[in-house]
Each structure stands twice: as C-alpha cells, then as structure tokens.
Amino acid sequence: MLDNLPRGTICIEDIEIGMMRYLRKVVTDEDIEMFAQISTDHNPVHLDDDYARDTIFEGRIAHGMLTAGLISAVIGEQLPGHGTVYMGQSLKFLAPVRPGDMVYAEVKVTDIEFSKRRVKMDCHCSVDGKKVLIGEATVLAPSRKFD
C-alpha cells in the first residue's frame, strides 16, 4: 500500500476544511479471495473467470465493498485516523475494479461541527484517473479532551 502521510490521529481540534488524505493499493486475486471468505460473498462474478466472462463485465471484478473498504482505511488510519468512529457513508459505484487495478482512494474534509466532533468528507476511488466510486462519509473524530 502506498499513501501520502504516516498513520495516526488528527484530532478534531486540528482538522480543517479542505484537508485530504489518500492511499493507493493494487487489488490482487488474493485480496478478492480473502474478502469473499471474510464477507461470505462468493458471487462467481468475483471468483470464477469462466462465469464472469459471460457477464456484462466480461471478466472478474472486485467486490464493491472491498473498494469501499479502502475509503475506510484512509479514514481510520489517516484522516481523522485512529479513534475515529463511522456515523454514516453513502456510496455510488460508477465502474468496476478488476484484479490488478491500482486503486487510488481519497477523502477530503467538507464540513466540521466542532461542538459535536462531526466531520463530513467527500470520498472517491479511481483507477487510472477514472472515478469508480464516489460518496460522502460522516464520522465522529477523536478529541484531545478525551485522551
């Protein structure tokens, strides 16, 4: 995994509108197989080359929620980071992610409610500069007051 900043915590007191963080990850066959095991989603469009070739995708694709999980990784590891609690997430899947694709996952702060420690972020994932997933997350950010 490649990302732009070290992992850790950015407390609500230090978060600003426009802050962004990202990571990049190649989605592998092993990732897809492990996600199928963990999620119990064994849809053959993700796992069976012969089956998937005859679908609208003309080949295997990664689980959409595996891709969405990369957004969760940026939020939980970088911005705000450790101690963050998810409150909500909207997602729209725009295109498939295939085994071997390098996924770029980014979050950007769009709104902050300091009194409630709530942070809204635009989220997206892209492959080769083309957006494959868009959405918005609302999280409860950690605070130095509670450390």
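Q: Why is Arg60 called buried?
A: In this predicted model, Arg60 has a relative accessible area of 13%. Buried means under 20%, so with its 13% Arg60 falls in the buried class.

Q: What makes the contact of Asp49 with Arg60 a salt bridge?
A: The closest N and O atoms of Asp49 and Arg60 are 2.9 Å apart. A salt bridge needs a side-chain nitrogen of Lys or Arg within 4 Å of a carboxyl oxygen of Asp or Glu, and therefore this pair, at 2.9 Å, qualifies.

Q: Is Asp49 buried, exposed or partly exposed, and what value tells you?
A: The relative accessibility of Asp49 is 42%. Buried means under 20% and exposed means over 50%, with partly exposed in between, so Asp49 is partly exposed.

Q: How do you know that Arg144 and Asp14 meet in a salt bridge?
A: The N to O distance between the side chains of Arg144 and Asp14 is 2.4 Å, and since the definition asks for a distance within 4 Å, the pair counts as one of the six salt bridges that the structure holds.

Q: Why does the pair of Lys116 and Glu113 count as a salt bridge?
A: The side chains of Lys116 and Glu113 meet with an N to O distance of 4.0 Å. The limit is within 4 Å, so a pair at 4.0 Å is still counted as a salt bridge. Lys116 is partly exposed at 45% relative accessible area, and Glu113 is partly exposed at 32%.

Q: Why is Asp128 called exposed?
A: Asp128 has a relative accessibility of 77%, and exposed means over 50%, so Asp128 belongs to the exposed class. This residue is found in the loop between β5 and β6.

Q: What is stated about the phi of Asp128?
A: Asp128 has a positive phi of about 50°, although it is not a glycine.

Definitions and conventions: Residues are numbered from 1 along each chain as its sequence is written. This is a predicted model: local features need pLDDT of at least 70, side-chain atom pairs count only at pLDDT 80 or more; totals for chains, interfaces and linings use all residues. Side-chain values use heavy atoms; hydrogens and water are left out. Buried means under 20% relative accessible area, exposed over 50%, partly exposed in between (1.4 Å probe, protein chains only). Helices (H or I, at least four residues) and strands (E, at least two) are DSSP runs, numbered from the N terminus.
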